[in-house]
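Biologist: Please take one contact between two elements and go through it closely. Then carry on from there to whatever else can be described at residue level.

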Amino acid sequence: MPASPPDTAPLLAMRGIVKRFPGVRALDGVDLEVRAGEVHCLLGQNGAGKSTLIKILSGAHQPDEGEVLLNGEPVRLATPTAAMKQGIATIYQELDLVDGLSVAENILLGHERASFGFTRRGETNRIAADLLRRLGHGEIPPATEVGRLPPAAKQIVSMARALSHDARLIVMDEPSAALAHDEVANLFRIIREITAQGVAVVYISHRLEEIREIGDRVTVLKDGRTVAVGLPATTPTGQVVSLMTGRDVEYVFPPRPAVPEERSEERPEERPEVLRVEGLTVPGVFADVSFSVRAGEIVGLAGLVGSGRSEIIEAVYGARRASGRVLLDGRAVRPGDTTRSVRLGMGLAPEERKAQALLLDQSVARNITLAGLTRYSRFGWMDRRGEAAEAARLIEALDIRPPDPRRPVKTLSGGNQQKAVLARWLVEGRRLLLLDEPTRGVDVGARAELYAVIRRLADDGVAVLLVSSEVPEVLGLADRVLVVREGRIVHEAPAVDLDEHRVLDLVMVSTNEESRVD
Amino acid sequence: MTEATPTSVAKRPFLGKIGEVPHLGLVAALVLLAIVGLATRPENFATSSNLVSILALASTIGVITVGMTFVIIGGGIDLSVGAVMALSSVWATTLATQSYGPAVMIVCALLVGTGAGLVNGFLISYGRMVPFIATLAMLVAARGLAQRMSNQRTQLVQQANNAIVELSTTRVLGLPLLVYVFALVVALGWILLNRTTFGRRTYAVGGNPEAARLAGIDVRRHTMLLYGLSGLCCGIAAVLIMARTTTGSSTHGDLYELDAIAAVIIGGTLLTGGRGTIIGSILGLLIFTVITNLFILNGLNTSDQLIAKGLIIVVAVLMQRRGALTGT
């Protein structure tokens with residue numbers, strides 16, 4: 001079908017890419033076109049499908065539909081090695097370097113120079129040194145162990161590795177996330193040099209001002225679809241943001257409790273303070289975080305991935321060691337002692353549902369009752385009937401489908417798994433629920449149900465602290481919003497006083513512009 | 001495990017999805033072995049004395065296997081079981097201990113075993129050592145301590161303390177008492193694993209320690225208790241081996257850890273933790289013991305026996321994998 005002559009064909013063209021995961025369509029018809037020698041930026045909110053798209057590009061995932069063309073020729077990127085052979089190299093956010101090997105060994109990992117199985121160290125080091133010099137970093141000694149290098153140097157090593165494969169296309173997933181300001185400038189210089197040599201770069205970043213600085217063209221993803229292909233990077237920020245946020249799916253949020261205007265001054269203040277956080281600090285992650293949550297209140301933390309929001313939640317829960325004070329109903333939470341936090345009346349629905357919350361092999365019922373084993377037991381003896389009855393009650397209350405308490409929880413859809421995690425904490429005596437990305441990987445219908453459950457909990461007097469990358473979710477669900485950027489709370493306001501643009505602005509402004517905005 | 005692979009069928013140990021009866025594959029394998037026994041040695045295999053000797057042989061490692069099942073479901077491994085059992089048996093049969101009589105000897109064996117287990121647990125939970133390494137260190141050290149205490153001599157259970165030996169000589173309904181001890185340990189282990197919060201926490205800690213921690217379970221304390229439990233089982237096994245051999249020796253229980261781990265794996269317990277059953281482990285152990293018995297009855301040498309056991313482990317694990325794959 002594509003009859004374009006090969007010489008004018010773009011270096012890379014992805015057409016109509018569809019990728020389904022159980023319960024979700026992660027990508028639903030994505031197009032991407034990258035020309036040789038350009039920096040092509042990929043934009044989109046969390047969950048828009050950027051990661052899935054680059055995983056397909058790097059051969060880690062296979063698309064269910066759609067085609068990938070390189071120089072006009074259809075290719076199949078069956079494995080990461082196959083993608084590498086086609087000249088596509090990916091530098092992931094968490095750099096995939098082997099700390100125990102030398103710089104040179106890392107650069108040539110997977111295609112080592114060797115004779116009869118013996119590595120040729122001299123040649124390896126020479127090739128590595130050449131590549132590093134090409135990147136303007138001849139000062140990095142090829143024989144050093146990578147584990148000893150600072151993050152910026154590791155990034156250079158990753159890039160040298162990409163070049164060692166004669167990459168024609170380098171995908172960079174948030175390369176600036178771990179870098180200080182002057183290091184970012186250096187990164188940009190290198191990107192300009194390699195693109196001048198004809199290599200194309202797909203650049204992913206949340207920082208819009210970086211994209212204006214380094215990008216040539218922009219593709220915007222939203223809810224798994226392309227909403228703009230190959231816009232010039234000079235497109236005004238406002239327009240880009242509305243492309244990212246304008247949605248076709250309407251979120252259905254439950255109504256906030258009617259706070260009568262005439263009494264609004266007194267009522268929220270009347271409610272007792274459940275959570276008080278004072279000067280919470282984890283060095284290098286977040287600093288001096290203080291806030292409180294009242295009974296029946298939903299407080300939302302808005303911020304980018306890496307802004308420290310999840311870490312704040314974990315520290316509040318006592319799952320992460322931090323300095324400062326966390327008080328629940330006036331009683332101190334002990335860092336590292338989650339058993340005590342649960343006893344005090346906290347509950348956490350963590351960010352990574354499968355890795356941090358669920359016993360995937362076990363039944364729905366056992367997952368629901370995990371946090372309250374003592375509640376369903378006497379002297380350590382399980383009250384199995386009571387447990388089953390409680391599980392059945394919660395499955396019905398949250399409408400978990402299918403309503404079978406004995407089904408392994410891994411067979412449920414994302415939304416129903418999340419309901420099972422919430423159900424775990426829907427027991428008497430819960431004072432505070434911490435919800436980290438409660439609707440990640442959950443389809444739209446189930447989202448509305450989850451929102452309703454969360455609102456119902458708050459109406460029952462539970463304090464809720466909510467983290468979400470999706471700004472509309474925070475604005476729609478929370479009563480009050482705290483904006484987190486680079487480990488600090490930079491803004492606090494009632495949700496009704498904010499809109500999506502304002503929050504995105506607050507969340508994305510870079511460090512050097514910070515002083516001007518606030 | 002972290003990938004989003006939806007599985008619709010619960011995995012069954014050994015022969016995969018044959019029927020809904022758990023452990024059917026293991027039982028079938030045992031029946032098959034019995035048929036082989038009847039076919040090759042019709043005059044010896046099905047005799048009561050042979051069956052009793054199979055059970056008596058299984059009892060010692062069986063008790064250890066119960067403890068090992070807990071540790072492995074909890075996501076760990078205990079390589080020190082054989083050595084800890086040896087140390088317990090030596091400590092309980094020193095002249096000093098023996099002078100207090102059989103009750104104190106038994107208590108001593110149980111305490112030494114539990115203590116060694118708790119040391120393992122402490123190193124692993126609070127010292128953040130890898131279970132493999134911590135228990136390997138205990139294996140070496142406990143064996144050495146046992147040699148030192150006994151001066152590498154075998155210590156006889158004195159005539160005055162014959163009550164212990166009676167565990168193997170006294171028979172009720174044709175079975176020596178130690179078989180009942182074994183059965184009791186299995187029953188208690190089953191109850192602990194399936195009917196108590198301790199058992200639930202064991203599955204949770206092994207299946208997803210992070211989820212367990214975030215659900216408010218004290219993972220470190222529980223892990224330590226699991227190794228303590230395994231040590232206690234070694235102490236009980238030490239009493240049984242003293243009864244059977246009338247000795248305490250630093251050479252007791254050599255390579256028991258391998259038999260126990262193999263039995264647990266054949267029984268369908270995941271080495272990565274979070275899934276497994278006591279019954280499966282015991283069936284796995286019986287399969288092992290019956291194979292040993294068949295080889296002895298048929299006068300085959302022990303080298304072939306080891307080869308057969310190795311094959312059994314491989315086949316069992318392959319079968320479980322197949323079950324896991326077809327379930328996907």
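Modeller: In chain B, helix H3 meets helix H6 through Ala83(B), Val84(B), Ala86(B), Leu87(B), Val90(B) and Trp91(B), which face Met138(B), Leu139(B), Ala142(B), Arg143(B), Leu145(B), Ala146(B), Met149(B) and Ser150(B). Two residues are in contact if their C-beta atoms, placed from the backbone, lie within 7 Å. By class, this contact has 12 nonpolar, 1 polar and 1 charged residues. Nonpolar here covers Ala, Val, Leu, Ile, Met, Phe, Trp, Tyr, Cys and Pro, charged covers Asp, Glu, Lys and Arg, and the others, Gly among them, are polar.

The model is a predicted one, in which local features need pLDDT of at least 70 and side-chain atom pairs count only at pLDDT 80 or more, while totals for chains, interfaces and linings use all residues. Residues are numbered from 1 along each chain as its sequence is written, and chains are lettered from A and ligands numbered from 1 in the order in which they are written. Helices (H or I, at least four residues) and strands (E, at least two) are DSSP runs numbered from the N terminus.

Two packed helices are described by the angle between their axes and the distance between the axes. The axes of H3(B), residues 81-92, and H6(B), residues 131-150, come within 8 Å and cross at roughly 20 degrees. H3(B) is therefore roughly parallel to H6(B). The axes are lines fitted to C-alpha atoms, for helices over the stretch in contact, and angles run from 0 to 180 degrees between N-to-C directions. Angles under 35 degrees count as roughly parallel, over 145 as roughly antiparallel, 65 to 115 as roughly perpendicular and the rest as oblique.

Elsewhere in chain B, helix H12 (residues 256-266) has 10 of its 11 residues buried, so the rest of the structure largely encloses it. Buried means 20 or more other C-beta atoms within 10 Å of the residue's own, exposed means 12 or fewer, and partly exposed lies in between, with C-beta atoms placed from the backbone. Among the buried residues of H12(B) are Tyr256(B), Glu257(B), Asp259(B) and Ile266(B). Just after H12(B), Gly268(B) takes a positive phi of about 95 degrees.

Chain B also touches chain A, with 27 residues from chain B and 30 residues from chain A in the contact. On the chain B side, helix H9 (197-207) and helix H10 (209-214) are the elements that give two or more residues. H9(B) supplies the largest share of that side, 7 residues. The side divides into 11 nonpolar, 9 polar and 7 charged residues.

In chain A, 4 strands form an open antiparallel sheet in the order E14-E13-E16-E17. Strand E14 (286-294) and strand E17 (331-332) of chain A are at the edges with a single partner strand each, so one side of each has no neighbour in the sheet. Strands pair if DSSP finds at least two bridges between them. Strand E13 (residues 273-282) of chain A pairs antiparallel with E14(A) over 6 bridges. Leu280(A) stands opposite Val289(A), and Leu275(A) has Val293(A) as its bridge partner. The hairpin of these two strands has 3 residues between them, and there Gly284(A) takes a positive phi near 85 degrees. E13(A) is also joined to E16(A) by 5 bridges, again antiparallel, with Arg276(A) bridged to Leu327(A). Helix H10 (residues 309-317) of chain A lies across E13, E14 and E16 of chain A, at about 115 degrees to E13(A).

Strand E11 (residues 217-222) of chain A is mostly covered, with 5 of its 6 residues buried. Thr219(A), in this strand, is buried, with 24 other C-beta atoms within 10 Å. Its contacts beyond four places in sequence include Leu32(A), His40(A) and Val229(A). Strand E3 (residues 39-43) of chain A pairs with E11(A) in the parallel sense over 4 bridges, and Leu43(A) has Val220(A) as its bridge partner. E11(A) runs antiparallel to strand E12 (residues 225-232) of chain A, joined by 5 bridges. In their hairpin, with 2 residues between the strands, Asp223(A) takes a positive phi near 50 degrees.
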